[in-house]
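Visitor: Could you take me through the charged pairs of this protein and explain the terms you apply to them?

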Amino acid sequence: MRSVMAPAGETPATVSASRTLVFGIGHSGEIIQCGQNVPGLLGYEAGDLLGRSARVLVDEESPEAGEKVDRLLEAITAGQERSETLTIKGRDDDAVTGAVATVEPMMATGSGPAGMLYIRVPLAQSQRFQDASHMRRALLDDALPRLGASLDLDQSARGLIDALVPHFCTTATVLVLESLVAADEVQSEKRGGSTVLRRLAVTSDDGNPMWESTFPTGEVLVYPEGTPYRECLDTAQPVHLPTVDAAEAAEIAKVWRRPPVAELLSDVSMVLLPLIADGTMLGVLVCTRVQGFRRFDPWDVKLGEDFAHRAAIVIDNARKFSRERATALALQRSLLPNRLTAPTSVEVRHRYLPGSKLVEVGGDWYESIALPGARVALIVGDVAGHGVKAAVTMGRLRTALHTLANLEYPPADALHVMHELMIDLGEQEPHFATCVYAVYDATTGTLEIASAGHLPPLLAGPGGDSEYLQIPPAPPLGVAGGATIESREFQVEDGSLFVIYTDGLVENRGRDIDDGLSRLRGIFAGDTHDRPMEDLAKATLDGVYSDQHRDDIAVLIARLRRLPDDHRASWTLPADPAAVRRARGLVRDQLDRWELGSLSYTTELLTSELITNALRYAPGPIELRLLRERTLVCEVLDRSAALPRLRHAEDHEENGRGLLVVSQLAHRWGTRRTATGKVVWCEQVIPGIDPEPMEPPGSWPGESHHRE
């Protein structure tokens, strides 16, 4: 392949004639002065035009053209500037369409011009790429500053080829390393080799649609050896092909195994420009001029190098922004929950809106965690600060609190552990956070809440009354001293709405927090009992999108309903060995009523083991409960605070195998303490029902970042 490497030194630009015609117009509309380039552009000598009406420049038989000239002359007489688009007629009746004529009145003596007429003559197709100063201005002065404001990789690539075509070439393509598009670090692979590129943009203005079909946008490719593309990648230097003849084009097509390339590249002039920023190859620009246009010369290559050098900076900035944005989004998706779980009787919705459009992650978080026994933990927290640091601390707290919830810690105890964790984190870097933690029991309709420096939760009853719940005050997590964290229990009406939120929802620079609290209470006042949860979630964010200085916002809304009576059953059994047999009968009858007879044998065995364990180690009566949720839950409540643990009994031991049986037969099992003792529970999968509850279709955390 014959190619010419661009020289490193400066190459003088060729001199081209101006494309602006200048005429002095007299008081009667006659031409009294001519610019020196009139003969070269129109073929007229000065003597052919001087003294004649300006109408001579257009087709005088065209009424429309004559009227445009008359309007220009009238503007001179009126002392006004005016522009018109004309078709200029040359001496040999050659027409130049699209010329822009502008008149400017002048102050002069009686013999001087009354005005000046400037006519900008567009380049003919065969004369494109002749004006060196025009190309340089269009590429380096006009396009690049505008493109530098874009931080989107695809948009930047599109802007680059729109600058190259039509000012530098007839066809242009932008290719970058595939690793850039994936927002990864630029690979340290050897130049050329198996470099994987992606074509981000391609355009042409020669009217041939084969360019975009042969070189499709978005294609991922590896250029083969023996092509000028591979040569540019191997050398990281511009490759200049003044003319690609038919044989060379056919050879490129053969090596590439792409037959249409032979026709497209035949008799074109080509320049390939590497995109290099900070010594790293980012991609390549491919520029071609088809037959009929001036061939690329060394000065063009030098101009292209200057453009490619600055274009690489644009691409590199867009790459870095894409990588940072991808990192922020990945961080956000990993730190915030990708689903909200709750009992079947509880409906939950959330909204999350970061304060920063750039980072898109902050210190606010929310949780809805389904707990055994038809209960749910509802949590909202807010780490002081913004951005990645606050997000990292938030991730630590959320993970810890999620673990504490699954370990069945009561709200106040869980927040106390979190407080100790924040104290430890503060030894490295000061941190504090606010948090509200609530647990709703759908079997009893009770709501237990603890708060650490957080804003009061809102409870809206089904009758339209709403109030902010008063929780025992406590300092934020991580703030030493102050009151201890305590919880408070509320009895909730069926169908009530429970709303917890962060301060960004009710407070900003232009609004007092009391006004924000009143606004939120107004949203959930009145007839909200049957209003769709999605509408309520959207209403909470009305008016906040226009606030450019808002804080992060997290909102969690739960419609609290008790588990239906026909989905739960409970019995109190005496501390008597005969209670085991009675419990088996009660369980069998209840499962028959629920049409779950296929689970009777396993459930009876599990119930026997749990009740036997309670009889052996706990005093007083025992309560047995069955709950039909997404799973079948069996709970045994006793008055001993000692939690059983799973162990493997030795062969000679008579006891110690009960919980092992439970762990083998149940889908899940566990324990939790209560105010009077403990609960040991186990779950079984109900045939045909998915045991993993999912949030209704709605979303990953970023889906609600924009107005819906």
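Predicted model: local features only at pLDDT ≥ 70, side-chain atom pairs only at ≥ 80, totals over all residues.

Visitor: Why is the pair Arg158 and Asp162 called a salt bridge?

Guide: The term requires a side-chain nitrogen of Lys or Arg within 4 Å of a carboxyl oxygen of Asp or Glu; the closest N and O atoms of Arg158 and Asp162 are 3.5 Å apart, so the pair qualifies. By this rule the count comes to 28 salt bridges.

Visitor: What makes Arg349 buried or exposed?

Guide: Buried means under 20% relative accessible area, exposed over 50%, and partly exposed in between (1.4 Å probe, protein chains only). Arg349 has 14% relative accessibility and therefore counts as buried, whereas its salt-bridge partner Glu534, at 28%, is partly exposed.

Visitor: How do you know that Glu534 forms a salt bridge with Arg351?

Guide: Their closest N and O atoms are 2.6 Å apart, so this pair also meets the rule. Arg351 is buried, because its relative accessible area is 5%. Glu347, Arg349, Arg351, Glu534 and Arg559 are linked in a network of salt bridges.

Technical notes. Residues numbered from 1 in each chain as written. Heavy atoms only, no water.
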